[in-house]
Amino acid sequence: MRFALSEDQTLLQDSLRRALEQVAPLERVRRFADGAEATAPDVWAGLTELGLPGLLIDEAHGGLELGLLEAALAAEALGAVVAPAPFLGTAVLAPLALKLAGSAGQQAKWLPKLAAGEATAGVAISEPIAGARDGAGVEASGGRLDGTALFVIDAPGADLLVVADRVGGLHLVEAPPGPQPMSTIDATRRLSEVTFRDTMAEPLASGPALERLRDAAWVMLAADTLGAAQTMLDRAVAYAQERRQFGRVIGSFQAVKHLCAEMAAELEPARALVWYAAYAFDHAPDEAPLMAAHAKAHLSEIGRFIARTSTEVHGGVGMTDLLGLHYWFKRIGLNRQLLGGPERVREAAAKAQGLSAV
Amino acid sequence: MDLTLTPELAAFREEVRAFLAAHAEDYAGGAAREPLAWQRLLIEQGYAARTVPREYGGYGAAPDILKGRIIAEAFIAAGAPRGIANQGVSMLVPTLLEVGSEAQKRRWIGPTLRGEVVWCQGYSEPDAGSDLASLKTSAIEDGDDFVISGSKLWTSTAHLAQMMFALIRTEPQAPRHEGISYVLIPMDTPGIEVRPLKTMTGQAEFNEVFFTEVRVPKDQVVGGRGRGWFVANTTLKHERGMLGDPNATEARLNALIELMKTETVDGQRIVDHPVFRDRLMQLQARVFAMKFNGLRTLTDETAGLARLVVKLQGCELNHQLAALAIDALGELGVLYQDGPHLRAKGRWQWNYMFDLGLIIGGGTAQIQKNIIAERGLGLPREPSPAKA
Ligand SMILES: Cc1cc2nc3c(=O)[nH]c(=O)nc-3n(C[C@H](O)[C@H](O)[C@H](O)COP(=O)(O)OP(=O)(O)OC[C@H]3O[C@@H](n4cnc5c(N)ncnc54)[C@H](O)[C@@H]3O)c2cc1C
C-alpha cells in the first residue's frame with residue numbers, strides 16, 4: 001500500500017500547473033473578473049490541449065479515461081490560480097451524468113464533443129442538493145421542464161444542460177434557454193439562473209445518479225478550495241519573509257509564525273482527506289458519500305480560516321485589490337456555500353453512516 | 001451594582017422613545033438621504049454630541065453614563081441610526097476637547113459634529129503600519145509654516161474629506177517618539193494628491209495620499225510640537241472604542257436575528273435549524289458580554305483589562321456575525337452587488353470583508369494581543385525594535 005500520488009498523477013499536476021501559468025496568469029483572471037466576458041475561451045482552449053475536458057470520458061469516446069482523483073488534482077490546480085474555466089460542469093459533472101445515466105445514444109452524441117472541447121455543458125442541480133430558495137425548483141412532466149434553477153454551473157455558452165428536477169430526476173436539455181447571470185462575490189466563475197418554460201428535455205436513467213453527481217461535485221469543490229488555500233498560505237509565508245516592521249521581517253514575530261503554522265497544520269492533513277475522498281469515489285463506493293461530505297465541509301471550514309488568516313498576515317495590503325489576494329478569498333467563499341454549506345453537508349455525512357434518524 | 005432607573009431616568013427613557021416614535025418617518029427613509037439634517041436634530045435633542053460643551057457646538061449636558069446608555073438602547077430597539085460616527089466625530093473631536101487650543105476647538109468641533117467637515121486620519125505609511133513610530137512623512141520649517149513632504153497609506157475617506165489629522169515628523173533630530181507632531185491639514189492645500197485604492201469589497205474605502213511641499217501654518221499643530229505621538233495615543237484610544245462599539249454590534253445582531261427568522265430553505269425557517277440557532281445563541285451571549293463589558297468600562301475605574309479587549313473582541317464579533325449571516329443564507333449568501341435574489345443589498349458580504357479590514361486596521365489583532373498580554377497581564381515586552 002502506498003498513500004501518495006503516482007508518477008503519472010504528479011506529471012499531470014506539473015503539466016497542468018505549467019499550462020495554467022501560461023493560459024491563466026493573474027492578469028488574465030483579472031481581465032475576466034473585471035470584464036463582461038461570459039466565458040474565457042482562450043483559457044479553455046489551452047486546457048483542452050492537455051485533454052482536460054476528456055479527463056473522465058472513456059477512451060472509446062475520445063477521452064483520457066482517468067479517475068476522480070485525477071479530476072481532483074486538476075480542480076486543485078485550477079483553484080490554485082483561480083482559473084476561469086468551465087471545469088466542474090463541462091469536464092466533471094456533465095460527463096459523469098452521461099456515464100452514469102445516459103443511454104448509449106446520448107453518450108455517443110455528446111461525450112466525443114465534450115472530450116474534444118467542441119461543446120460545453122452546464123449543470124443545474126442546486127435545488128435538490130442545497131435546498132430550494134425563492135420559489136426555485138424544476139418540475140418535469142412528459143418530456144418537458146418548467147420552473148427555475150438557481151446557481152447553475154457553467155451555463156453561459158453551454159450547448160447542453162444537465163438538470164435535476166425537484167425530486168432528483170436528471171434530464172438532458174439540448175439547446176438550453178439563455179442563462180441570466182447571477183452576480184456573486186467570486187468573479188472568476190459565472191453562475192446563472194435558468195428559467196424553463198415547457199422546455200424539451202430527455203430524461204436520463206433514474207437511480208442514484210444525482211447522489212453520485214453530488215459526491216463528485218463536493219470533492220471537486222473541496223479540491224478547488226485546497227488549491228486556493230494552498231496559494232493563500234504560500235503567499236502569506238512569502239510575504240512574512242519580505243515585509244519588515246520594527247526593524248525585522250514580520251515572519252520573525254512568533255505571532256505571525258504561528259498564524260502561518262496554524263494554516264499549514266490545518267491544510268496539510270486536509271490534502272490527504274481530499275485525495276482519499278476522490279479515490280473512494282472510484283474505488284470504495286460505499287465510503288464515497290461520507291468522504292465526499294467530509295471533504296466538502298472540512299475544506300469549507302479550513303478554507304475560510306486560511307482565507308482570513310492569510311489576509312491578516314498581509315495587513316492592510318491584504319485587503320486591497322493590489323495583490324489580488326481577494327480572488328482566492330472569494331473563490332474559497334463561494335466554494336463553501338455552493339451546493340450546500342458545511343452545516344447542511346455534515347447532515348449528509350451523518351446520514352451516510354446511519355447517524356441521523358431522518 | 002445598582003441598575004434600577006430612578007423616576008427621573010425612567011421619564012428620560014420615555015422622552016427618548018417618544019422622540020423616536022414621533023420621528024420614525026424621518027429616520028426610516030429620510031435620515032438615509034439627509035444625514036446632516038438628522039444629525040442636527042439629534043444634536044438639538046441631545047442624542048448626539050451630548051456632552052460636548054454648547055460653545056463648541058454640542059448639546060452641553062453633564063456626563064451621565066446611564067442617560068447615554070438609555071439613548072443607545074432606545075435607538076437600537078427602534079433600529080434608528082445614531083447619527084454621524086466618522087473619524088472626525090469619534091476621534092478628532094474627543095482629542096481636541098482633551099488637548100486642543102481654544103481657537104482649534106471653536107474652529108473645528110462644531111462643523112465636525114454637524115457633519116459639515118469630514119476628516120480623514122493620516123497616520124499609516126507604506127513602511128509604518130504596525131510600527132507607526134517609524135513614520136517618515138516630514139516637515140521643514142519655513143517662517144510661520146511647515147512644509148510637508150511624504151506619503152500616507154490606507155487613509156480611509158481621504159477622497160471625501162476636507163481635512164486630515166496627520167502625524168508628521170517635525171523634529172527630525174529628536175528620538176522616534178518625540179519628533180512627531182499632530183497636524184491639521186486642509187485637503188485642498190496645493191501639493192496634496194489623493195489616489196483611491198480599491199479593496200476586496202470592490203469599492204475604494206481608503207486611499208494613498210501624497211504630499212509634495214504642502215504648506216501648513218504651524219498653529220495647525222494640536223497639543224504641542226513633538227507631542228504628536230502622545231496626542232495620537234489619545235485618539236487611538238477613541239478609535240479602538242469606536243471600532244469595538246458594542247451598540248453597533250448589538251444592532252447588527254438584531255438584524256441577523258431578523259434575517260434568520262424570515263429566511264427559509266425548503267420552506268423551513270433558518271432559526272428553526274438547531275445548528276444555526278445554536279450558533280446564533282453563542283454569538284448573542286458574546287454580544288451581551290460585550291454590551292455589559294461596555295457598561296462596566298464606562299463606570300468601573302478598575303476595569304483596565306475590560307477596556308483593553310474591546311477592539312479585539314468587538315471587531316472579531318462583528319466579523320463572526322457577518323459570517324453566520326452568510327452561512328445562514330447559504331448559496332444566496334455569496335450573491336453580491338445586484339440581482340433579484342440578493343439580500344440586504346449584499347451588506348452581509350460587504351461587512352464580512354470590510355470587518356476583516358477592521359480586524360487589521362486601527363492596530364491589528366496580533367498587536368492588540370501584544371497589548372493585552374503586556375499592558376493587561378504584565379507579561380514581558382516583545383524584544384524592542386531595532387533602531388530605525
Ligand atoms: C480597512 C482599513 C482602514 C484603515 N484606515 C486607516 C486610516 O484611516 N488611517 C490610517 O492612518 N491608517 C488606516 N489603516 C491602516 C492600519 O492602521 C494598518 O493597516 C495597520 O496598522 C497594520 O499595518 P500594515 O497594514 O502596514 O500591516 P503590517 O504592520 O505590515 O502587519 C503585517 C502583519 O504583521 C503583523 N505584525 C506586525 N508587527 C507585529 C508585532 N510586533 N508582533 C506581532 N505581529 C506583528 C501584523 O499583525 C500583521 O498580521 C486602515 C487599515 C485598514 C485595513
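Mentor: A salt bridge here is a side-chain nitrogen of Lys or Arg within 4 Å of a carboxyl oxygen of Asp or Glu. Arg189(A) and Asp224(A) form one through their side chains, at 4.0 Å from N to O. Arg189(A) sits in the loop between β6 (180–182) and β7 (191–200) of chain A, and Asp224(A) in helix α8 (209–242) of chain A, so the pair ties together parts 35 residues apart in sequence. Helices (H or I, at least four residues) and strands (E, at least two) are DSSP runs, numbered from the N terminus.

The model is predicted, so local features need pLDDT of at least 70, side-chain atom pairs count only at pLDDT 80 or more, totals for chains, interfaces and linings use all residues, and side-chain values use heavy atoms, without hydrogens and water. Residues are numbered from 1 along each chain as written, with chains lettered from A and ligands numbered from 1 in written order.

Over all chains, the structure holds 45 salt bridges. Seven cross the interface of chain B and chain A. One joins the side chains of Arg343(B) and Asp134(A), 2.6 Å from N to O. Polar contacts (N or O pairs within 3.5 Å, one able to donate a hydrogen and the other to accept it, with sequence neighbours counted only through side-chain atoms) link 28 residue pairs between the two chains, both residues at pLDDT 80 or more. On the chain B side, β9 (264–265), α9 (274–299), α11 (310–329), α12 and α13 each supply at least two residues. That side has 29 nonpolar, 13 polar and twelve charged residues; Ala, Val, Leu, Ile, Met, Phe, Trp, Tyr, Cys and Pro count as nonpolar, Asp, Glu, Lys and Arg as charged, the others as polar.

Counted by contact (heavy atoms within 4.5 Å), 54 residues of chain B meet 46 of chain A. The two chains bury about 4,200 Å² between them, 57% of it on carbon and sulfur atoms. Buried area is accessible area (1.4 Å probe) lost on being put together, summed over both parts. Met200(B), Glu331(B) and Val334(B) supply 18% of what chain B buries against chain A, more than any other three residues.

The ligand lies between chains A and B. Its shell (a heavy atom within 4 Å) has 30 residues, with Arg243(A), Gly316(A), Gln121(B), Ser130(B) and Thr364(B) the closest. By class, that is twelve nonpolar, 16 polar and two charged. Ligand oxygen atoms lie 2.7 Å from a polar backbone atom of Gly316(A) and 2.6 Å from a polar side-chain atom of Thr364(B). The protein covers 96% of the 960 Å² of accessible area the ligand has on its own, by the Shrake-Rupley method.

Terms used. Accessible areas come from the Shrake-Rupley method with a 1.4 Å probe; for residues, only the protein chains shown count as cover.
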